[in-house]
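This report describes a few parts of one protein chain in plain terms. Look at the sequence and the structure first.

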Amino acid sequence: MNSLATAIRNQSARTLTHRVATTASTTCVRPTAAIRHYATVRKEHTSTSRTVNFVLGTGLLVGGVVGLSYAFDSRASIHKYAIIPLIHWTMDAETAHKVAIKCLKMGLSPWDTQEDDASLEVKLWNKTFSNPLGMAAGFDKHAEAIDGLFDLGFGYVEIGSVTPEPQPGNPQPRMFRLPEDKCVINRYGFNSEGHKVVEARLRQRIKRFLYKHTREGKDQTQDKLQQSSAESLVDQLSTNRSLRDDRILAVNLGKNKASTPESVDDYVIGVERLGPYADVLVVNVSSPNTPGLRSLQRKGMLEDLLRQVIRARDRLQSSYKPPLLVKIAPDLTDEELEDVSEAALATKVDGIIISNTTISRPKSLINKDNAKEVGGLSGPIVKPLALRALRAVYKHTEGKIPLVGCGGISTGQDALDFARAGASMVQLYSSMAYEGPGIAREVKDGIVKGLNGRKWMDIVGEDHRK
């Protein structure tokens with residue numbers, strides 16, 4: 001028995017010793033393997049995370065660039081189908097107008113990223129510009145958004161009307177949408193910040209341009225520009241007053257309500273003060289919102305007015321004498337249109353803009369409620385009236401005076417209709433409120449398509465030649 005017990009005790013001891021050795025071995029080896037395994041997994045995870053982060057970061061960056069490129073391209077459909085409806089839903093017409101001006105002024109507006117087709121080139125008033133489409137007066141009244149409008153693709157931007165003294169215009173509300181008709185009624189009443197404010201903006205714009213492009217020292221340039229008169233300042237330019245080689249800037253001149261209806265002094269002062277800064281000057285005698293203004297369209301009064309402003313233009317000390325245009329209403333009778341034509345021929349005015357807004361209310365208007373508002377009506381419904389007046393004036397002047405068509409233009413076909421009726425250039429305004437900032441590119445593309453290989457200047461007045 002003792003031998004058996006001794007054998008059992010020895011066997012148990014050997015087993016226990018083996019287990020302890022095994023446990024010790026496991027205890028020593030397993031942590032090292034675990035650490036190695038964890039390090040391997042972490043390395044793989046870190047590598048994967050870096051790859052994922054790189055892909056995500058690159059995707060976000062590319063997406064952001066593409067998104068911004070899309071948003072700042074005037075052709076982007078988001079402007080027409082999302083932003084414009086949102087603006088109409090949340091803002092009244094005048095507020096939306098102010099917001100648009102601020103965006104254009106601050107560079108927050110889209111750009112026309114495409115080059116103008118060679119067929120759109122216009123040669124007029126000894127100037128060549130890339131396309132015949134202009135922004136009509138009334139949009140940028142105070143010369144705040146000139147460069148933003150050029151960036152939208154307009155070949156011609158007309159600021160104003162500008163009055164000699166500041167005036168607030170008519171009480172609000174004074175601008176109304178007719179969405180079913182895509183028309184607008186406004187009775188702003190020549191709200192203007194006045195000649196001095198607009199002249200300061202135009203002058204500062206030119207000074208920045210010269211300061212940027214001069215080769216002289218900065219301090220010397222700054223002093224020189226600061227002391228320059230209006231005439232000597234603009235005579236330093238090697239380009240148009242628009243500051244773009246292929247675009248032109250027009251200044252539309254109005255008169256204060258406090259002035260007597262028959263007085264032309266406000267226009268003469270406008271020529272003297274703002275003439276040096278303009279590629280083109282426009283005398284506005286057709287706004288329906290200034291009492292007595294349209295009486296200046298009568299033959300005798302208009303002829304006297306044009307002679308006086310032309311003399312004022314010719315007295316400008318700057319080497320460049322801007323062409324002078326007159327803007328008339330679409331509501332004139334055939335006899336009155338003939339009188340305007342005769343006055344234009346007699347005074348050798350440089351052009352006629354046809355036309356301003358209408359005081360009529362065609363029966364075809366769908367929105368009857370806002371149509372009751374007093375003011376000038378603009379939009380597609382004005383097109384037949386403007387075309388009638390344009391054809392009459394082209395016929396009376398025998399095509400000797402350049403005409404600018406305006407009224408109801410929202411497509412390339414509309415622009416072509418005006419060209420064939422005798423317009424060397426066309427303007428729009430109201431259609432941008434409904435179609436968005438891409439309207440300029442859209443109209444230009446429509447013109448090119450309609451020309452079918454021909455040139456814009458070749459079709460001007462084509463209907464009369466037929």
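Where is S318 found? It is in the loop between α9 (299–314) and β9 (324–328); helices (H or I, at least four residues) and strands (E, at least two) are DSSP runs, numbered from the N terminus. The model is predicted: local features need pLDDT of at least 70, side-chain atom pairs count only at pLDDT 80 or more, and totals for chains, interfaces and linings use all residues. Residues are numbered from 1 along each chain as its sequence is written, and side-chain values use heavy atoms, with hydrogens and water left out.

S318 has a relative accessible area of 0%, so it counts as buried (under 20%; exposed is over 50% and partly exposed in between, with a 1.4 Å probe and protein chains only). Leaving aside neighbours within four places in sequence, S318 is in contact with E231, V234, D235, R241 and P276; contact means heavy atoms within 4.5 Å. A polar atom of the S318 side chain lies 3.2 Å from the backbone oxygen of Y320.

Strand β12 (residues 403–406) has both faces covered: L403 and G405 on one side and V404 and C406 on the other are all buried. The table gives its pairings; two strands pair if DSSP finds at least two bridges between them.

| Strand joined to β12 | Bridges | Sense |
|---|---|---|
| β10 (residues 351–354) | 3 bridges | parallel |
| β13 (residues 423–428) | 4 bridges | parallel |

G405 stands opposite I354, and its bridge partner in β13 is V426.

Notes: A polar contact is a pair of N or O atoms within 3.5 Å; within protein, one must be able to donate a hydrogen and the other to accept it, and residues adjacent in sequence count only if both atoms are side-chain atoms.
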